[in-house]
Amino acid sequence: MFYADGHVDVHYENARLRADHVAYDSETQVITARGNVQLDFMTQHVEAEDARYELRMGRGTFHHVRATFALQRRPLPTLLVSPNPLYVEAQEVERIDDQTYELHKSWLTVCDPGRPTWKFYAPSATVRLQKSVHLENGNFRVLSVPILYLPYATFPAEKKRDSGFMIPDPGHSSQKGYVIGEAFYWAPLDWMDTTVGGDYYSLRGWSQKGELRMRPWEGARLETSYFGVIDRGLEQQNAPPLKQGGHDFHFGFAGPLPDGWRLVADLNQLSSLTFRLAFAETFTQAVNSEVRDTAFLTNNFRGFSANIAALSYQNFLSATPQSTITLRTAPEGRFSSVDQAPLPQIPLYFSFDVFTGAVHKGEAVTPFITPGFVTRSEYAPSVTLPLHWGPWLGVTPSFTVRSTYYGGQLQNGEFDAHGFFRTTEEVSVDLRPPTIERVWGGPDTKWKHVIEPDIVYRYVTGVDDFQRTIRFDEDETLTDTNEVEYGITQRLYRRGNTGEAEELVSWRLAQKYFFDPTFGGVLVAGQRNVFQTLDALTPFAFSVQPENFSPIVSDLRITPGKRFDTQLRIDYDPKRNQMTAIGTLAKLKPYKESFITLAQFSTINLPTPASQNPPGFHFVGRSEQLRALAGYGDLNRRGWNAAVGVSYDFTQGAFQNQVAELSYNGACCGLGFEYRRFSFGTIRNENRFGVVFRVANLGSVGNLRRQEKIF
């Protein structure tokens, strides 16, 4: 036995033990220490009144303990991260090994131990560093007041995920009543986890939700989610409750396969638009009336591309009564090539695009429906000859023959199973006049202004059967045309000391002139016409009668660095002297952590045939909506954070969505509040309140998760 008194300092491998009095047994390599005992190992620091410590095994028992353990959590959008260590006080601590401590009659926190805002108390707890913290028969206290009893709880420590029940989520809304939610999280493997749970609505019923995430192999990702509601119904005056329940399902996969193949799937199912409007968590989700399904297998090799795909599109035209239009392309096989020159000495490039498959269309308004599988095949070879006369002029003519076979046609509003061929000849000439540019500036900063004119002539003929072609997708909006598109693009660049040039401003003006304003006689005067050549210029419909000139399209983008990003788009009709469409998208960060986002669109609506309008349709000459969000900081940022946002429909003269968020985050915890209002006519008129208490490095309690976004 060896004895030492005073400032005793013992070093053994990576461990260091200090105390006032030490007794050491050389045979068992056991240290018995008393008075100001301190053990340091890596990022672990333990202080105690007395201890028994085994040097060889690293085990020990400590009494009247104060300890700190450094935790490094990966930042997440919903996690408040603090650099503070985990602070522990306990009557007794057993050190099992280098990474495991068992605590008895202890409390834990990441706050200032002198005045902790929150702490966990537990008669028995286990700390597994870099893994998890387990509590038994513990409770959560705020300002020393017990708030939540925890018979058994697990919290992640650093990166490892643990399975178990989540902390319940309380809430309240005017239409759902009091809300309480619970979920179970299961992470059986490093590359897979799943969450299954539900919410109880005191006024409506209950919801089910589930999520599965997998990374089965390198580069592969699988995510699936489900949300459903069993609804007792929305109370109505002098009428039975209006049930709005349903479900929303999503499945996504993307990953590489052997031999250069890649599989991508994005599948969605929505029971009704009413369900989405009534129960969606955010305004952006609620107003999305489209459901898209995409699955394809692709392989690109030596300039060729082979694809097998299945596509589906469903658009809910109205919620009550529900009317939809469904388009499906499944299955479809496609084989194509990029432009390739067989003879390197001759700049003559050939390409092709060939596909075959089955299509389907069904709509509830007309109503009209085709058989489940209508054949559609197409072969389209192209030849391109780029010509250049020095750096001043470039002319690129191209010629395409497009032969398409349809296994059915439209006759007197009904499906006719007699197939037909449509063969078109398409010519385009792309003319690139000289580009004008000027460079100026000093030794530190250079500026460059570029003016790029362009002229494109297009001629399409052979669409003699437009009226009998069923509109399965945009391919069937091809028409005869004889047109020229002309435009000019201006760009402003800046190059600093770093040597990298950045585009600050771009502004494009474009217009089309139609030599044949009837597009081969298919234009119908007095109603909206949507053709492929019109949509290529602007997504906003403008053609209601034969006109030679299209609107002038102005697209201005200003992106001076990371603090300012805006786009202003205007479609101007010079004949009527009016703007047919206006769109503004802006992201501003004017000061430090402040932000402003804005989305505004105003368009003139064109009439459609009465037979194509859903029940209860009321034509409005103009649509205009505004979405704005302004705030400071982020929900997980230290200090005060706030955000306010609105969605306003000028046509209806009503707010559709309003949101206000306020939060404060300290060094070890944070508190946030949210008010959100939804207004969707008779379907949903709801005030919802959210609150969250964030515990640094561990998680949160409440029903407020993410900050509102516009785009």
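A definition to begin with: helices (H or I, at least four residues) and strands (E, at least two) are DSSP runs, numbered from the N terminus. Two strands pair if DSSP finds at least two bridges between them. This is a predicted model, so local features need pLDDT of at least 70, side-chain atom pairs count only at pLDDT 80 or more, and totals for chains, interfaces and linings use all residues. Residues are numbered from 1 along each chain as its sequence is written, and side-chain values use heavy atoms, with hydrogens and water left out.

Start with strand E14, residues 192–201. E14 and E15 form a hairpin, with three residues between them.

Strand E13 spans residues 177–189 and runs antiparallel to E14, over nine bridges. Look for Gly181, whose bridge partner in E14 is Asp199.

Is E14 largely enclosed or open? Seven of its 10 residues are buried, so E14 is largely enclosed by the rest of the structure. Buried means under 20% relative accessible area, exposed over 50%, and partly exposed in between, using a 1.4 Å probe and protein chains only.

Next, the open sheet. It has 10 strands, in the order E1-E2-E3-E4-E5-E6-E7-E8-E9-E10, with antiparallel pairing. At the edges are strand E1 (2–12) and strand E10 (145–156), each pairing on one side only. From one strand to the next, the twist averages 20°. For that angle, axes are lines fitted to C-alpha atoms, for helices over the stretch in contact, and angles run from 0 to 180 degrees between N-to-C directions. A reminder: strands of a sheet pair through backbone hydrogen bonds, either parallel or antiparallel.

Zoom in on one pair. Strand E6 (residues 86–97) and strand E7 (residues 100–109) are antiparallel, over nine bridges. Glu89 has Trp107 in E7 as its bridge partner.

On to cavities. How many cavities of 30 Å³ or more does a search of the whole structure find? Four. The search uses a 1 Å grid over the protein atoms alone; a cavity is a set of points where a 1.4 Å probe fits but cannot get out, and lining residues have an atom within 4 Å of a point. Grid points are joined across faces, edges and corners, and a volume is the space filled by probe spheres set on the points.

The largest cavity holds about 70 Å³ of space. Its lining includes Leu71, Trp118, Phe120, Phe155 and Leu698. E7, strand E8 (118–128) and strand E9 (132–142) each supply at least two lining residues. By type, the lining has nine nonpolar residues, one polar and no charged. Here Ala, Val, Leu, Ile, Met, Phe, Trp, Tyr, Cys and Pro count as nonpolar, Asp, Glu, Lys and Arg as charged, and the others, Gly among them, as polar.

Two buried residues with polar side-chain contacts. His134 sits in strand E9. His134 is buried, at 14% relative accessibility. The His134 side chain makes a polar contact of 3.2 Å with the side chain of Arg128. A polar contact is a pair of N or O atoms within 3.5 Å; within protein, one must be able to donate a hydrogen and the other to accept it, and residues adjacent in sequence count only if both atoms are side-chain atoms.

Arg627 is in strand E40 (residues 622–632), and is buried at 15%. Its side chain contacts that of Ser647 at 3.3 Å. Arg627 and Ser647 are 20 residues apart in sequence, and 4.4 Å apart in space, C-alpha to C-alpha.

Last, the backbone details. Thr320 and Pro321 are joined by a cis peptide bond, with omega about -5°. Pro321 lies in the loop between strand E22 (304–318) and strand E23 (323–337). Thr366 to Pro367 is also cis, with omega near -15°.

Asp259 is not a glycine, yet its phi is positive, near 65°. Asp259 is exposed, at 71% relative accessibility. Asn412 also has a positive phi, about 55°, and is exposed at 79%.

Definitions and conventions
1 Å grid on protein atoms, 1.4 Å probe; cavity = no way out; pocket = protein on both sides within 12 Å on 5 of 7 lines; lining within 4 Å.
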